[in-house]
Amino acid sequence: MKDLIGRWAAGDEAAGETLYRNYFDRVRDFLASRGVKRADAEDIAQDALIAGLDSLREGAKPEQLTAWIIGIAKHVSARQTHLLLRTI
């Protein structure tokens, strides 16, 4: 996995696509298991993975990639819930 992250950080778009594909289902399924509707879970997973990939490209070096990405997804989900509640 570190090889993929290194390649992504160096500008290899294919490595980023592979990371995205490897983690999308895990993140979406985690969110769905917490009661997030599937369509919303897919949107949140996408936003979280894009944010995570951006951070990796900027030099982030998480100890546990899956836990780190799930953490980002939790924050994205909380932010979206907060914004939704503000419009009600």
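## Chatting through a predicted helical model

Me: Let's begin with Ser 77: is it buried or exposed?
Reply: This is a predicted model, and Ser 77 in it has a relative accessible area of 14%. The cut-off for buried is under 20%. Because 14% falls under that cut-off, Ser 77 counts as buried.

Me: Where does Ser 77 sit, and which residues does it touch, leaving out those up to four places away in sequence?
Reply: Ser 77 has its place in helix H4. Skipping residues up to four places away in sequence, its contacts are Leu 31, Val 36 and Ile 44.

Me: What about Arg 28, buried or exposed?
Reply: Arg 28 is part of helix H2, which runs over residues 13-33. Its relative accessible area is 10%. Buried means under 20%, so Arg 28 goes down as buried.

Me: Which side chain joins that of Arg 28 in a polar contact of 3.2 Å?
Reply: Beyond the residues up to four places away in sequence, Arg 28 touches Arg 38, Ala 41, Glu 42 and Ala 45. The polar contact of 3.2 Å, side chain to side chain, is with Asp 25.

Me: How does Asp 43 count by relative accessibility, and why?
Reply: Asp 43 lies in helix H3, residues 38-57. Its relative accessibility is 44%. Buried needs under 20% and exposed needs over 50%, so at 44% Asp 43 is partly exposed.

Me: What separation do the C-alpha atoms of Asp 43 and Glu 63 have?
Reply: Along the chain, Asp 43 and Glu 63 are 20 residues apart.

Me: How many residues does the largest nonpolar core have?
Reply: The residues with the most contacts inside this core are Leu 19, Val 27, Leu 31 and Leu 65. H1, H2, H3 and helix H4 (65-86) each supply at least two of its residues. Leu 65 touches Met 1, Ile 5, Leu 19, Tyr 23 and Leu 56, not counting residues up to four places away in sequence. The size of the core is 23 residues.

Me: Which helix gives the largest share of the lining of the largest pocket?
Reply: The lining includes Met 1, Lys 2, Ile 5, Gly 6, Ala 9 and Leu 65. By class, it has 7 nonpolar, 2 polar and 3 charged residues. The largest share is 4 residues, and they come from helix H1.

Me: And what volume does the largest pocket have?
Reply: Glu 63 and Leu 56 are also among its lining residues. The volume of this pocket is about 230 Å³.

Notes. Residues are numbered from 1 along each chain as its sequence is written. This is a predicted model: local features need pLDDT of at least 70, side-chain atom pairs count only at pLDDT 80 or more; totals for chains, interfaces and linings use all residues. Side-chain values use heavy atoms; hydrogens and water are left out. On a 1 Å grid over the protein atoms alone, a cavity is a set of points where a 1.4 Å probe fits but cannot get out, and a pocket is an open set with protein on both sides within 12 Å along at least five of seven lines; lining residues have an atom within 4 Å of a point. Grid points are joined across faces, edges and corners, and a volume is the space filled by probe spheres set on the points. Ala, Val, Leu, Ile, Met, Phe, Trp, Tyr, Cys and Pro count as nonpolar, Asp, Glu, Lys and Arg as charged, and the others, Gly among them, as polar. Buried means under 20% relative accessible area, exposed over 50%, partly exposed in between (1.4 Å probe, protein chains only). A polar contact is a pair of N or O atoms within 3.5 Å; within protein, one must be able to donate a hydrogen and the other to accept it, and residues adjacent in sequence count only if both atoms are side-chain atoms. Contact means heavy atoms within 4.5 Å. A nonpolar core is a set of buried Ala, Val, Leu, Ile, Met, Phe, Trp, Tyr and Cys residues joined through side-chain atoms within 4.5 Å.
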